[in-house]
Amino acid sequence: MDDLVGLAVIVILVVVAGAICGLIALVQLNGLKQEVAVLRAKITHLQTHKSISQREPQSEASTAQAALSRSEPIAHKAQPNLTSQNLSPPVINQPSAPPKKAKPAEASAIELLFNKLRAGFEENWMTWIGAIALAFGGIFLAKYSLEAGLLSPVMRLSLGGLFGLGLIAAAAYLHHKRIVFEGFNNYIPAALASGGFITCFALTLLAYSSYDMLSSTVAFFALAAIAISASAMALRLGPLLAVLGIIGAYSVPIWVSTGSGNLFALFMYVGFVSLSAALVAHKVQRIWLWYLLWAGHIGWYLVGFTLLKVNTVWLMGTFALLSIIGLIAIPRLGLKLNVIEHRPHSLKRLIKVLPDHALLLAFIAPLLFTMLISHFDMQWQTIGVLSIVLILFLVLKNSRWDIWQAVALASAALLVISAERTHLSPNLFDDALFIFKNEYGLGLLLGLLLTTFGLYYGKKQIKRLAFHITGAFSLFVMIATLYTLIPNSALSTAYPLWAVVLFVVAAILIKCAQHNTTLFQRFTYWVGANANITLAITMLLSDSGLTIALAVQVLLISVLIKRYNVPMPHWPIKALVAVLLLRLTLSPWTPSYDALTVFGLHWSIVVYPLCIALFFAAAKCFDSSKLKIWLEGAALHCLALFITTETSYQLVGHYPQFDSLNFYEQILLTCNWLALGCVYLHRAKLAGTLAKLYQVAGFALVGLAGLFAIKTLLDDNPLFESLYIGELPIFNWLLLLWLVPAGLTLWLAKLVKPINAKATPFILAVAGGFILLAINSFIRQYWQGPYIYLSKGASNAELYSYSIIWLVLGAGTVIFGHLKNQLLIQKVGLGLLAAVIVKVFLIDMANLEGLLKALSFIGLGLSLVGLSWLFQKLRSRVNPV
């Protein structure tokens, strides 16, 4: 029963694929109909225009010339494109622009699609239903003969086989007589043949799984023969059978498995099926048949890794390399690989060479990943080197694969890393010649060979920039990889050799830069030479030295771009800056950086300010470029990291541990993040396309600062707990706790107003709360000293000082609002005055009795009336009648 379910799944896949074929054909047919309609309308319009123009007094010659000039575009458009189909899987990098189709104004896209689907169903529904019925008829006939026991097993299978073969013969007869033949759009013979092949497929499975009449080997080859036959017949009947044949052929190992795990037999079969399917796809000329072929081949290739053993590593590598040759190289370069292309291409065109890039990565990436996690031996080393050689050989054959040199360089680096993980030994570095052995010798050799390869072919084919990039950066990448692997104790032995090699290659690159013709070539060699020199200097420094060296490299590249006016794409610099920022962000929380020093100082005091200066200097090299905003943003990020980390380090001796922050760290982080959030929001006004990113970062920092402020207010408030805030008036922790956040919040309200005006009053209210807490706390600290918790009580002098100070502030606020003609500020000042008056009469004079108490309340009432009159008078001056 499971086999029947599987067969039903295959049938469904075939039907879906056939439906896709029909839909594609319908879309093309309807498009042609619309073009014909447009052409007819234009011809009618031209004929009418011609008849009108003939009535005017014109010369006969000018009239004929005008008609000819108007008819040329139509004749050109009416020419059918008879050579649009390629004989190999197309390069999907530059699709030709489709002809513009006239669409009726009253019809929407959904209505057009619905009409196409309905028209296709109305034209071919009987054919599809008939094909499905025939297929299921053969399956149900076999099932019924099995269950009813009407005939002997041999007779049942024979009759079913005759039925299937009869359908195939009928399809061949109809195709041969061309009774309903219309090229590949003739689905009736294909439908009959598909039903016959599915019937034969089902009967073979029944004979193997239910009757045990066939051995696994015989069943395997029988099913393969049926699938290949379907593919072969597809050359005559069209793509429907090709889908059936490809899916059936690739699924045979699923239905019939010997359980032996014979990887060689599996790959031999898959290779044979892929070769047959490639011939069919090449003949039938349907790109989605290539997709089925690639999916089946790569799928079994990945399955092969589950069967990988120590003695089959060479088999996996050989299959991967032969697959690259068979599925990528031969369709592009021909069977003899003699189709050569050396013309240069732009980076944009090189990136868009599909599906070649995706296929190469599909074969190379799993191989390299398995090499990294496996035990490295001579087999893996040979496969890795052969992969690099094959990739570089194909690059020499076709310039559209120039970007594969980066894959070769990455493969070389991963080859060295894999060797290091296997050959790591504590006694390896006792021998001073270790730099020529194992992964160190391999890495140095590969770096020199790739550099020589790039320089040699860059000189022969000057306009192919990828060769120059390979020659300039291969040695840098390989030695940088070795530098990350080698322990610090052994670096002193390896450094002299590596430094000499780097300086020699840098000198060669500088010499090459003086003899090249284009700006890009000179720029590439200058940057490569700088990279080698920078790496040589970096190896003399500590871990943070690499960060400084990379930041210097960003500045040098920017200076070279400005000096030589090179129209270089920005993404390489952005990628380098992104790597630097990631390194700078993670470094404070990396254990190896805890006690790291630079020039006798803690590393963050030197590295962060230096990177900030380098990024700002690099930004000045780009006047009105988006890269300038990017570099300034990088500098701001470094500033944020410096303020966040260094303040905590200087305060408590370590970087912030966000799950265990003390009272003072919370104060610093609140101020730091609130200030940086405001800076980011301010930068958003000038950031152009990056404005959204700056806004998100700014609001995120403001939100974190708000969380810390709330936590301080509720849990670590010096008004409620005994917390030391400092001896000096004003210049103590209260300044950073509430007054500085108050000023930053006022700035935040101004920045947020253009973005969301509704949030501004809330932010102003928060700022007012900070100011209220700050002033009251300053007053209390003056009277109470370094501890201001409220349970200590308050003297009469302290109570009176609150009233006096707030009375002055309230009056000053009212006057300021009146001078600035700001009614809101006046209201705030009057509110402060009212609060002071209430406080004076209810708290300061709470101990008064008798007549004094009565007079105090009378005075309160009169004061409130007076304030109300003052408010009305000020408002009338602001808004005169």
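Analyst: Here is a short tour, from the overall fold to a few single residues.

Analyst: This is a predicted model, where local features need pLDDT of at least 70, side-chain atom pairs count only at pLDDT 80 or more, and totals for chains, interfaces and linings use all residues. Residues are numbered from 1 along each chain as its sequence is written, and side-chain values use heavy atoms, with hydrogens and water left out.

User: How many helices and strands does the protein have?
Analyst: The protein has 29 helices and two strands. Both are DSSP runs, numbered from the N terminus: helices are H or I with at least four residues, strands are E with at least two.

User: What share of the residues is buried?
Analyst: Buried residues make up 46% of the 881 residues. Buried means under 20% relative accessible area, exposed over 50%, and partly exposed in between (1.4 Å probe, protein chains only).

User: And the surface?
Analyst: The accessible surface is about 45,100 Å², and 69% of that belongs to carbon and sulfur atoms. The areas come from the Shrake-Rupley method with a 1.4 Å probe.

User: What about contacts along the chain?
Analyst: Take the contacts with a separation of 6 or more: 72% of them join residues 24 or more positions apart. Contact means heavy atoms within 4.5 Å.

User: Let's do helix packing. How do H15 and H16 cross?
Analyst: H15 covers residues 438-460 and H16 covers residues 465-485; their axes come within 6 Å and cross at roughly 170°. Axes are lines fitted to C-alpha atoms, for helices over the stretch in contact, with angles from 0 to 180 degrees between N-to-C directions. So H15 is roughly antiparallel to H16. Angles under 35 degrees count as roughly parallel, over 145 as roughly antiparallel, 65 to 115 as roughly perpendicular and the rest as oblique.

User: Which classes of residue make that contact of H15 with H16?
Analyst: There are 14 nonpolar, nine polar and one charged. Ala, Val, Leu, Ile, Met, Phe, Trp, Tyr, Cys and Pro count as nonpolar, Asp, Glu, Lys and Arg as charged, and the others, Gly among them, as polar.

User: How do the axes of H16 and H17 cross?
Analyst: They come within 10 Å and cross at roughly 170°, with H17 spanning residues 488-513. H16 is therefore roughly antiparallel to H17. The contact includes Leu-475 and Ile-479 of H16 and Trp-498 and Val-501 of H17. By class, this contact has 11 nonpolar, one polar and no charged residues.

User: Now H23 and H25. At what angle do they cross?
Analyst: Roughly 20°, with the axes of H23 (residues 663-684) and H25 (residues 733-752) within 10 Å. That makes H23 roughly parallel to H25. The contact has 20 nonpolar, two polar and no charged residues.

User: Switching topic. Which peptide bond is cis?
Analyst: The one from Leu-354 to Pro-355, with omega near 5°. Pro-355 sits in the loop between H11 (347-351) and H12 (356-373).

User: Is Leu-337 buried or exposed?
Analyst: Leu-337 counts as buried, because its relative accessibility is 17%. Ile-730 has a relative accessible area of 44%, so it is partly exposed.
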